[in-house]
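Please consult the sequence and the structure shown here while reading.

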Amino acid sequence: MSTIKNVCVYCGSGPGTNPEFVKAATAFGKTLANSGIGLVYGGGSIGLMGAVAAGALDNGGKVTGIIPTFLTKREHVLKEAQELIVTKDMHERKQLMFEHSDAFVAFPGGVGTLEELVEQMTWSQLGRHSKPILLANIDGFWNPLLVLIDHMKQTAFIRANLWVDVLTADRVEDILPTLQKAAAQISESAKLMDEKVASRL
């Protein structure tokens with residue numbers, strides 16, 4: 001039985017046009033803090049990234065920010081994070097975010113958020129790990145992606161033996177219970193990626 005100690009949040013470095021996005025990100029940071037679960041995220045202090053980190057920090061939570069050197073100024077690195085890891089590039093950043101986390105949540109965001117999410121989906125699909133992956137579908141933000149995934153299944157590009165198990169939650173209060181339920185069904189060893197495989201990704 002696996003337990004969740006740290007959750008990785010992928011989200012936009014901007015706030016988006018819908019105030020509900022920032023509200024939800026802040027609320028989830030607070031939820032993690034109140035549950036004694038650490039936040040692992042991209043290390044910025046602006047947009048949804050800053051909101052989820054502030055939600056955690058303002059409520060006594062543990063925050064680990066992981067950011068590549070070239071983004072420290074652009075995304076206004078959050079110096080208040082208890083742990084700040086500056087990497088040499090995006091590949092190292094993503095690998096460390098994976099290693100530090102027991103589950104992944106994608107809040108609204110842009111191409112970067114989508115790329116990080118899809119990478120975890122791909123690794124899971126190929127059997128590289130079994131950590132829960134969830135779409136925080138705030139105000140239906142991820143509906144177009146869910147339609148696309150369904151289309152990929154219907155056209156046999158996602159086949160039955162390569163299923164993508166992506167969880168969804170429309171409300172912030174449902175995110176953590178959904179992750180915990182999924183995590184309880186896998187073993188600690190199943191979450192791990194072989195070191196030789198990880199070094200090549």
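Which residues in α1 meet which residues in α2? Phe-21, Val-22, Ala-25, Thr-26, Phe-28, Gly-29, Lys-30 and Ala-33 in α1 meet Leu-48, Ala-51, Val-52, Gly-55 and Ala-56 in α2, where contact means heavy atoms within 4.5 Å. By class, this contact has nine nonpolar, three polar and one charged residues; Ala, Val, Leu, Ile, Met, Phe, Trp, Tyr, Cys and Pro count as nonpolar, Asp, Glu, Lys and Arg as charged, and the others, Gly among them, as polar.

The model is predicted, so that local features need pLDDT of at least 70 and side-chain atom pairs count only at pLDDT 80 or more, while totals for chains, interfaces and linings use all residues. Residues are numbered from 1 along each chain as its sequence is written, and side-chain values use heavy atoms, with hydrogens and water left out.

**Helix pair**

Helices (H or I, at least four residues) and strands (E, at least two) are DSSP runs, numbered from the N terminus. The axes of α1 (residues 19-34) and α2 (residues 47-57) come within 6 Å and cross at roughly 35°. Axes are lines fitted to C-alpha atoms, for helices over the stretch in contact, and angles run from 0 to 180 degrees between N-to-C directions.

Eight of the 11 residues of α2 are buried, so this helix is largely enclosed by the rest of the structure. Buried means under 20% relative accessible area, exposed over 50%, and partly exposed in between (1.4 Å probe, protein chains only). The cover over the buried residues of α2 includes β1, α1, β2 and β3.

**Sheet**

Seven strands form an open sheet in the order β4-β3-β2-β1-β5-β6-β7, with parallel pairing; two strands pair if DSSP finds at least two bridges between them. Its edge strands are β4 (83-87) and β7 (167-169), each of which pairs on one side only. Neighbouring strands of the sheet are turned by 25° against each other on average, direction ignored. Strand β3 (residues 63-68) runs parallel to β4 and is joined to β4 by five bridges. Within this pair, Thr-64 has Glu-83 in β4 as its bridge partner. Helix α2 packs on the sheet, touching β1 (6-10), β2 (38-41) and β3, and its direction makes about 160° with that of β2.

**Nonpolar cores**

A nonpolar core is a set of buried Ala, Val, Leu, Ile, Met, Phe, Trp, Tyr and Cys residues joined through side-chain atoms within 4.5 Å. The largest has 34 residues, of which Phe-28, Val-105 and Phe-107 touch the most other members. To this core α2 gives the most, with six residues. Apart from it lies another core, of 21 residues, among them Met-97, Met-121, Ile-149 and Val-166.

Val-77 is found in the loop between β3 and β4, whereas Ala-103 is found in strand β5.

Val-77 counts as buried because its relative accessibility is 19%. Leaving aside neighbours within four places in sequence, Val-77 is in contact with Gly-43, Gly-44, Ser-45, Ile-67, Thr-72 and Leu-84. Ala-103 counts as buried at 0% relative accessibility. Not counting residues up to four places away in sequence, Ala-103 touches Ile-4, Asn-6, Val-7, Cys-8, Pro-132 and Leu-179.
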